[in-house]
Amino acid sequence: MLHEIEIENLQAYVASKTWTLNTQNNFRADAHAFFQWCLAKPRQWVFENPAHDLPKFKIERGIPQVLRFKEAQALMECVAEKHDGALVPYFTLALFAGIRPQAPGGELGKIAKMGEDAWDLIDSQNKVIRIPPEVSKTGEYRTINIQPNLAEWLKPFAKKKAPIVMPIDKRVKAIRKEFKLGHDVLRHTFITFHVAKFKSVGATSLQAGNSEAIVRRHYLKMVADNEANQFWGIKPDGA
């Protein structure tokens, strides 16, 4: 059983840190879920959830950072040239499928740990990527449509089951630094150009794993139609 002083120490430890409000909310959610599990039968290892009284902060989102078409094109040209193109799967799945790139516990981080089995999530025949609950940030199953340009980028790597590079790879970090890529800019770019191209807040929210309200509030009408068409036309040389 957890002693009262241990509960107080947990609350004091979280309160003493200078983490961002979003990080604190994520830690609170993880701790709350863990202690709810401890409370449940047959365990009942604790009598109460010590994370219950931790503050949950309301965070106002600003305008998301998004790559423009030319920036996205330059990024993919660079990725294709460096390291014999080994980083293409990581960047294309983040940019053209919107899979969360955080490491090591983010969606791409979990997928990368699957090794060659990660390619089983990519159903080329039905043109979808299947994100299972154990990988999804929300814990919910979702599918992402494989757009024609994404299929072209992945085709040579899928044939030889090339590894999907871990987001913490120093080569990935170097490219992210070179192009000044913010934490979720690739995913923000995917959502923005997806809703601009396909004109469906609902479809975009389902594939991105966000609510319709978030997509409508932060990503709708961020780019023009012609730029959206150009973005989804970014393909490897020779495709």
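Buried means under 20% relative accessible area, exposed means over 50%, and partly exposed lies in between (1.4 Å probe, protein chains only). This is a predicted model, where local features need pLDDT of at least 70 and side-chain atom pairs count only at pLDDT 80 or more, while totals for chains, interfaces and linings use all residues. Residues are numbered from 1 along each chain as its sequence is written, and side-chain values use heavy atoms, with hydrogens and water left out.

**View 1. Trp37 and Trp45 form an aromatic pair.** Rings of Phe, Tyr and Trp (its six-membered ring) pair if their centres lie within 6.5 Å; planes under 30 degrees apart count as stacked, over 60 as edge-to-face and the rest as tilted. The structure holds 10 such pairs. In this one, the centres of Trp37 and Trp45 are 5.3 Å apart, with 80° between the planes, so the pair is edge-to-face. Trp45 is partly exposed, with a relative accessible area of 44%. Trp37 is partly exposed too, at 41%.

View 2. Helices (H or I, at least four residues) and strands (E, at least two) are DSSP runs, numbered from the N terminus. Along the sequence the pattern is α-α-α-α-α-β-β-β-α-α-α-α-α-α. The chain has 239 residues, and 44% of them count as buried. It exposes about 13600 Å², with 53% supplied by carbon and sulfur atoms. Accessible areas come from the Shrake-Rupley method with a 1.4 Å probe; for residues, only the protein chains shown count as cover.

**View 3. Helix H6 covers residues 148-159.** The expected span of a helix is 1.5 Å times one less than its number of residues. Which residues of H6 are buried? They are Asn149, Leu150, Trp153, Leu154 and Phe157. These cover an arc of only 110° around the axis, which puts them on the same side of H6. The arc is that of the directions from the helix axis to the C-beta atoms. The face turned away from the buried side carries the exposed residues Pro148 and Lys159. The buried residues of H6 pack against helices H3, H4 and H11 and strands S1 and S2. Just after H6, Lys161 takes a positive phi of about 55°.

**View 4. Helix H7 (residues 170-178) buries Val172, Ile175 and Arg176.** Their arc is only 100° around the axis, which puts them on the same side of H7. On the other side, Lys170, Lys173 and Lys177 are exposed. The buried residues of H7 pack against H3, H4 and H8. Just after H7, Lys180 has a positive phi of about 55°.

**View 5. The largest nonpolar core has 55 residues.** A nonpolar core is a set of buried Ala, Val, Leu, Ile, Met, Phe, Trp, Tyr and Cys residues joined through side-chain atoms within 4.5 Å. Leu75, Phe91, Phe96, Ile99, Ile129 and Leu186 touch the most other members. Helix H8 (residues 185-198) gives the largest share, seven residues. Apart from this core lies another, of six residues, among them Ala31, Cys38, Val46 and Leu54.

**View 6. Ile99 has contacts beyond its sequence neighbours.** Contact means heavy atoms within 4.5 Å. Leaving aside neighbours within four places in sequence, the partners of Ile99 include Leu93, Glu107, Ile129 and Arg142.
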